[in-house]
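The following note has been prepared for a colleague who wishes to read the structure alongside a written commentary. Please consult the model while going through the points.

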Amino acid sequence: MLTYTIIIVAVCICVALILNLWRLMVGPTVSDRILALDTMYINAIALILLYGIYANTALYFEAALLIAMLGFVSTAALCKYLLRGDIIE
């Protein structure tokens, strides 16, 4: 029963990733594209966590944590670049 639920949720997250990719390509403003990219890495983290539950291993949870940290730093750096035009002061 849990296997079917994980597969259904994974398909829903894949659909969300496809819709985020569409927003990333079509987004009318730069802020829309940044939000789409931010949402894409959050959905990717959820997909990795689901696969970790499905495979019953803890290795994927550590990978998801690393992706979350890199995603936060990259989003903050990109927003700072858009606001000031410079990342390092």
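This is a predicted model: local features need pLDDT of at least 70, side-chain atom pairs count only at pLDDT 80 or more; totals for chains, interfaces and linings use all residues.

The numbered points below go from the chain as a whole to individual residues.

1. Secondary structure. The protein chain contains three helices and zero strands. Read from the N terminus, the order of elements is α-α-α. With a radius of gyration of 15 Å, well over the 12 Å given by the globule rule for 89 residues, the chain is more spread out than a compact globule. Along the principal axes, the box filled by the C-alpha atoms is roughly 50 × 30 × 10 Å.

2. Burial and surface. Of the 89 residues in the protein chain, 19% count as buried. The accessible surface amounts to about 6,500 Å², and carbon and sulfur atoms account for 75% of that area.

3. As to charged side chains, the protein chain has 4 positive and 5 negative ones, with the centres of the two sets 8 Å apart.

4. Record annotation. The unreviewed UniProt entry places the feature "transmembrane region" at residues 6-22, 34-54 and 60-83. In the model, residues 6-22 are 100% helix and 0% strand, with end C-alpha atoms 24 Å apart. Residues 60-83 are likewise 100% helix and 0% strand, and the end C-alpha atoms of this span lie 34 Å apart.

5. Asn 20 and helix α1. Helix α1 covers residues 2-26 and includes Asn 20. Is Asn 20 buried or exposed? Its relative accessibility is 13%, under the 20% limit, so Asn 20 counts as buried. Neighbours within four places in sequence aside, Asn 20 is in contact with Ala 36, Thr 39, Met 40 and Asn 43.

6. Cys 14. Cys 14 is also a residue of helix α1. Its relative accessibility of 34% falls between the limits of 20% and 50%, so Cys 14 counts as partly exposed. Met 40 is 26 residues away from Cys 14 along the chain, and the two C-alpha atoms are separated by 9.9 Å.

7. Ile 34 and helix α2. Helix α2 spans residues 30-55 and contains Ile 34. Ile 34 counts as buried because its relative accessibility is 10%. Which residues does Ile 34 contact, leaving aside neighbours within four places in sequence? They are Thr 75, Leu 78, Cys 79 and Leu 82. Between Ile 34 and Ala 44, which are 10 residues apart in sequence, the C-alpha to C-alpha distance is 15 Å.

8. Tyr 41. Tyr 41 is likewise placed in helix α2. Setting aside neighbours within four places in sequence, the contacts of Tyr 41 are Ile 67, Ala 68, Gly 71, Phe 72 and Thr 75. Tyr 41 and Ile 88 are 47 residues apart along the chain, and their C-alpha atoms are separated by 24 Å.

9. Asn 56 and the loop. Asn 56 is located in the loop between α2 and α3, the latter helix covering residues 59-84. Most residues other than glycine have a negative phi. A relative accessibility of 70% is over the 50% limit, so Asn 56 counts as exposed.

10. Tyr 60 and helix α3. Tyr 60 belongs to helix α3. At 30% relative accessibility, Tyr 60 counts as partly exposed. Not counting residues up to four places away in sequence, Tyr 60 touches Ile 48, Tyr 51, Gly 52 and Ala 55. How far apart in space are Tyr 60 and Leu 47, C-alpha to C-alpha? The distance is 10.0 Å, for a separation of 13 residues in sequence.

Definitions and conventions: Residues are numbered from 1 along each chain as its sequence is written. Side-chain values use heavy atoms; hydrogens and water are left out. Helices (H or I, at least four residues) and strands (E, at least two) are DSSP runs, numbered from the N terminus. The radius of gyration is taken over C-alpha atoms; the globule rule is 2.2 Å times the number of residues to the power 0.38. Buried means under 20% relative accessible area, exposed over 50%, partly exposed in between (1.4 Å probe, protein chains only). Accessible areas come from the Shrake-Rupley method with a 1.4 Å probe; for residues, only the protein chains shown count as cover. Lys and Arg count as positive and Asp and Glu as negative; His and the chain ends are not counted. The place of a charge is taken as NZ of Lys, CZ of Arg, CG of Asp or CD of Glu. UniProt positions are given in the numbering used here, feature names are shortened, and annotations may be inferred rather than shown by experiment. Contact means heavy atoms within 4.5 Å.
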